[in-house]
Amino acid sequence: MSKGTLFDKVWGLHTVGTLPSGLTQLFIGLHLIHEVTSPQAFAMLRERGLKVLFPQRTIATVDHIVPTDNQARPFVDTMAEEMIQALEQNCKENGITFYNIGSGSQGIVHVIAPEQGLTQPGMTIACGDSHTSSHGAFGAIAFGIGTSQVRDVLASQTLALSKLKVRKIEVNGTLNPGVYAKDVILHIIRTLGVKGGVGYAYEYAGTTFEQMNMEERMTVCNMAIEGGARCGYVNPDQITYDYLKGRDFAPKGADWDQAVAWWESIKSDADAEYDDVVVFDAAEIPPTVTWGITPGQGIGVNQFIPKPDELPEEDRFVAEEAYSYMDLFPGQPIKGTKIDVCFIGSCTNGRISDLREAAKIAQGRHVAEGVKAFVVPGSERVKKEAEAEGLDKIFQAAGFEWREPGCSMCLAMNPDKLQGRQISASSSNRNFKGRQGSASGRTLLMSPAMVATAAIKGEVADVRDLLTVDG
């Protein structure tokens, strides 16, 4: 195995050749598809008389358009029904495994692949979804791709890509109580900017990531794309192997021992050279909330919305746009901002550990009057596990709605949408204008525990206040 970073090693092992354009033709080990970006890709294959080259390397589920309240078929939304029918037909015609509603394994694509052990260290993974970077938590190199690239992977199992530089982002120390993986990535993006990672893969390293469980690492890698990086990853370790062992698609018996030995060999070497290194202190990261219209416009919950002259000159134009759109003012505290809707879920924070943390806050309390709060598990397996632990009962007793699995209000390509100028506390990943289903709706990103706190208080509040009461 050559020396260097995990990224360099995995890239080298999957390189098929160099194209005349100078791009690398990269073999893709696992291709994940869903109902939104795949119909056009399959149509393009049919137009060219092409077949899916390796159907066994493609896995499908339905997530974006799925209603989370009533999943009876046919869906009320005729376009959603057409999309799921197209995916069902395309998978059937091409021999592709499809985890449909009611299969016990349906859910958000970036939740179901890890929980089944499909995502493994050293893999190259592609999916027609921005947040494919989530899978990097396992030491995989995972790319979100466009529809024409979905076609390319279906037809050739390869992608044409430019090789990325590698930035090591080191976070050291123990996170303070009330500070979660979501706060870590929001803090990183706030500091480096939404374009800071352009042209880079981010390697997340340091003692803070070494202490994180796999679901926390997935949260951080999930939002690498929001910082401009094409992918983000964490080197595999014993925590990775303990998570994977025994899962549906994980190697078994002697194959397992062989796999772990290989996974160990692809880790970044101690003397690996990086194109850039940035270091953070975990103790300095507060519970973080976005106030604007990009994931980089974040502040600590007890801080004030920045004034233009406190920002780099290149950030001031977007800040002015954000003040206007969000109806927030420079110098105003974010704490105390009234909330209409609270959403816990998404591929960023819809896993079982996310729901457990939010349930700790919800237990014995009640959602504030006038606030709509709901919890959407990331998959059918997460829902089943949460219900076995009684988390659904805790949420419902506190006045939260307990829903069926899906992407829900993250992208709002389903009935879960903001109405008019509503403002939401959301555990999802994007706060762009109109992102949550209303052209004028407003989104504040935060951790699931902070969303639960906002639901209880009816406004942006510090989760540490409730943890102190509980403690």
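The questions and answers below concern a predicted model of a protein chain.

Q: How many helices and how many strands does the secondary structure of the protein chain come to?
A: The protein chain has 471 residues, of which 59% count as buried. Its secondary structure comes to 17 helices and 19 strands.

Q: What radius of gyration does the protein chain have, beside that of a compact globule with 471 residues?
A: The C-alpha atoms fill a box of roughly 55 × 55 × 45 Å along the principal axes. For 471 residues, a compact globule would have a radius of gyration near 23 Å, and the value for the protein chain agrees with this, being 21 Å.

Q: Among contacts between residues at least 6 apart in sequence, what share joins residues at least 24 apart?
A: A contact here requires heavy atoms within 4.5 Å. Among such contacts in the protein chain between residues at least 6 apart in sequence, the share that joins residues at least 24 apart is 76%.

Q: Are the planes of Trp11 and Phe143 stacked or edge-to-face?
A: The structure holds twelve aromatic pairs, and Trp11 with Phe143 is one of them, with 6.4 Å from centre to centre and 80° between the planes. Planes over 60 degrees apart count as edge-to-face, whereas those under 30 count as stacked. At 80°, the pair of Trp11 and Phe143 is therefore edge-to-face.

Q: How many residues apart are Trp11 and Phe143, and which parts of the chain does the pair link?
A: Trp11 is buried, with a relative accessible area of 5%, and Phe143 is also buried, at 1%. The pair links distant parts of the chain, since Trp11 belongs to helix H1 (residues 6–14) and Phe143 to strand S7 (residues 141–144), and the two are 132 residues apart.

Q: Which residue forms one aromatic cluster with Trp11 and Phe143?
A: Trp11 and Phe143 form an aromatic pair. The cluster that holds both of these residues also takes in Phe7.

Q: Why does the pair of Trp291 and Tyr323 count as stacked?
A: Trp291 lies in the loop between strand S13 (288–290) and strand S14 (298–300), while Tyr323 lies in helix H11 (residues 316–326), 32 residues apart. Both Trp291 and Tyr323 are buried. Their ring centres are 5.4 Å apart and their planes stand at 20°, so the pair is stacked.

Q: Over the ring of which residue does the charged end of Arg167 sit?
A: A charge of this kind has to be within 6 Å of the ring centre. Arg73 lies over the face of Phe75, at 5.4 Å from the ring centre. For Arg167, the charged end is 4.1 Å from the centre of the ring, and that ring belongs to Tyr200.

Q: Is Gln106 buried or exposed?
A: Gln106 has its place in the loop between strand S5 (97–99) and helix H4 (109–115). Not counting residues up to four places away in sequence, Gln106 touches several residues, including Thr61, Tyr99, Ile112, Ser379 and Pro405. With a relative accessible area of 0%, Gln106 is buried.

Definitions and conventions. Residues are numbered from 1 along each chain as its sequence is written. This is a predicted model: local features need pLDDT of at least 70, side-chain atom pairs count only at pLDDT 80 or more; totals for chains, interfaces and linings use all residues. Side-chain values use heavy atoms; hydrogens and water are left out. Rings of Phe, Tyr and Trp (its six-membered ring) pair if their centres lie within 6.5 Å; planes under 30 degrees apart count as stacked, over 60 as edge-to-face and the rest as tilted. Helices (H or I, at least four residues) and strands (E, at least two) are DSSP runs, numbered from the N terminus. Buried means under 20% relative accessible area, exposed over 50%, partly exposed in between (1.4 Å probe, protein chains only). A charge sits over a ring if NZ of Lys or CZ of Arg is within 6 Å of the ring centre and within 35 degrees of the ring normal. The radius of gyration is taken over C-alpha atoms; the globule rule is 2.2 Å times the number of residues to the power 0.38.
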